[in-house]
Amino acid sequence: MKAPVRTTLFWIIAVAALAAFGIFFWGSGRGKEEKYRIIFIPKVIDEDNDFWKLLIEGVEMAAAENDMDLVIVAPETEDDYKEQNAMIEWAIAQKPSAILLTPASFTETTPYAREIVENGIPLILVDSEIDEDIADTVITTDNVKLGEVEGEYMKKYATEESQIAIIGHVEGSSTAIEREKGVRKGLGEFEDRIVDVVFCDSDYDKAYRLMMDLMEEYPGIDLVAGLNEYSAVGAARAIKEKGRQDIRVVGIDSSLEEIQFLEEGIFEIIVIQNPFKMGYLGVEAAIKVLNGEKVERRIDSGCELISNDSVYTEENQKLLFPFREE
């Protein structure tokens with residue numbers, strides 16, 4: 001299956017294609033023989049990040065299996081909600097059958113998501129949420145639970161002298177807000193040992209620099225929670241470089257580098273999501289809505305804690321290395 005093209009080039013191709021074939025593919029109505037037409041707007045298209053690759057693959061596979069026309073556009077970076085909002089307005093103008101959206105901002109995306117609904121287009125939120133309950137359904141990991149699993153694990157090793165840091169991804173995104181809330185809940189009485197919460201804007205190098213700064217500012221730091229792949233991997237790179245074997249790191253997601261850090265003992269645990277399933281279920285939900293079928297308002301795609309001694313179990317290997325159709 002062909003992978004999506006990077007955003008800037010994709011914008012050019014998508015607009016040119018729609019201009020040339022708009023009458024056939026993107027007409028105002030849907031005849032009985034026409035295909036469903038969906039637009040997916042994730043936060044980013046990043047082929048170096050396993051989460052986004054798998055999420056998009058799930059969307060692509062479900063769309064192909066159901067013979068749907070699919071267009072994918074996204075900003076260059078996860079935190080660029082302004083560019084994503086412009087893409088939402090563009091998508092609405094195409095009058096697709098449905099729009100799948102991974103909101104870049106919990107609050108700033110909301111007016112544009114509302115516009116989708118007001119135009120009578122089914123809205124499926126995938127992975128992230130907004131601050132209004134207006135979508136036909138939300139398909140996501142229970143992000144509070146995801147963070148809580150991290151926090152509960154760290155609690156086992158926390159002391160009254162602990163210095164705990166949280167490295168988030170995009171400040172103001174629903175996933176960052178909810179995962180931090182979960183970490184705090186899981187830490188319980190040790191929540192007050194959190195010395196800093198920083199955000200890397202889903203950039204590996206920035207997460208690395210932030211972790212370097214944290215180790216300098218808090219020499220006694222002993223527990224670190226990374227809230228997504230970028231933040232967890234960047235922090236782990238810095239900790240490995242400094243040889244700080246006294247720092248316990250917990251991470252989220254399951255890139256090859258994260259698994260290697262887990263095997264090396266840099267990570268204590270990783271809590272993995274199922275992005276492929278998330279994307280696949282998003283398209284399935286859109287089809288049900290379009291066919292007039294009932295869809296649950298929230299669909300939890302699940303999460304799993306994996307430690308060094310459980311990484312090689314058959315069940316976890318299937319989660320870590322899901323089947324990918326070429």
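Mentor: Start with a cut-off: a residue counts as buried when its relative accessible area is under 20%. Keep in mind that this is a predicted model.

Now take strand S4, residues 123-126. Both of its faces are covered. Leu-123 and Leu-125 are buried on one side, and Ile-124 and Val-126 are buried on the other.

Look at Leu-123, which is found in S4. Its relative accessibility is 0%, so Leu-123 counts as buried. What is Leu-123 in contact with, leaving aside its neighbours within four places in sequence? The list is Ile-99, Leu-101, Ala-113, Ile-116, Val-117, Ala-135, Asp-136 and Thr-137. Take Ala-113 from that list. Ala-113 and Leu-123 are ten residues apart in sequence, and their C-alpha atoms are 7.7 Å apart in space.

Next, the strand beside S4. Strand S3 (residues 98-101) runs parallel to S4, and three bridges join the two. Leu-101 stands opposite Leu-125 in S4.

Step back to the whole sheet. It is an open sheet of six strands, with parallel pairing and the order S2-S1-S3-S4-S5-S11. Strand S2 (69-72) and strand S11 (298-300) stand at the edges, each with a single partner strand, so one side of each has no neighbour in the sheet. From one strand to the next, the twist averages 20°.

What lies across this sheet? Helix H10 (residues 275-290) lies across S1, S3, S4, strand S5 (137-140) and S11. H10 runs at about 165° to S4.

Is Ser-174 buried or exposed? Its relative accessible area is 4%, so Ser-174 is buried. Not counting residues up to four places away in sequence, Ser-174 touches Phe-106, Ser-128 and Glu-129.

Now compare a second sheet. This one is also open and has six strands, in the order S7-S6-S8-S9-S10-S12, but its pairing is mixed. Strand S7 (194-199) and strand S12 (304-307) are the edge strands, and each pairs on one side only. The twist here averages 15° from one strand to the next. S12 pairs with strand S10 (residues 267-272) in the antiparallel sense, over four bridges. Within that pair, Ile-269 stands opposite Ser-307 in S12.

Helices pack on this sheet as well. Helix H5 (residues 143-155) touches strand S6 (164-168), strand S8 (223-226), strand S9 (248-252), S10 and S12. The direction of H5 makes about 165° with that of S9. H9 packs on the sheet too, touching S9, S10 and S12, and its direction makes about 145° with that of S10.

H9 (residues 256-264) also packs with helix H8 (residues 229-242), at an angle of about 45° and with the axes 10 Å apart. That makes H8 oblique to H9. The crossing of H8 past H9 is left-handed. On the H8 side, the contact is made by Glu-229, Ala-232, Val-233, Ala-236, Arg-237 and Lys-240. On the H9 side, it is made by Glu-257, Glu-258, Phe-261 and Glu-264. The residues of this contact divide into four nonpolar, no polar and six charged.

Finally, the overall numbers. The protein has eleven helices and twelve strands. Of its 326 residues, 56% count as buried. Among the contacts with a separation of 6 or more, 74% are between residues 24 or more positions apart.

Methods. Residues numbered from 1 in each chain as written. Predicted model: local features only at pLDDT ≥ 70, side-chain atom pairs only at ≥ 80, totals over all residues. Heavy atoms only, no water. Axes fitted to C-alpha atoms, helices over the stretch in contact; angles between N-to-C directions. Parallel < 35°, antiparallel > 145°, perpendicular 65-115°, else oblique. Left-handed = near helix turned anticlockwise from the far one by under 90°. Contact = heavy atoms within 4.5 Å. Nonpolar A, V, L, I, M, F, W, Y, C, P; charged D, E, K, R; others polar. Buried < 20%, exposed > 50% of the residue type's maximum accessible area, 1.4 Å probe, protein only. Pairing = 2+ DSSP bridges.
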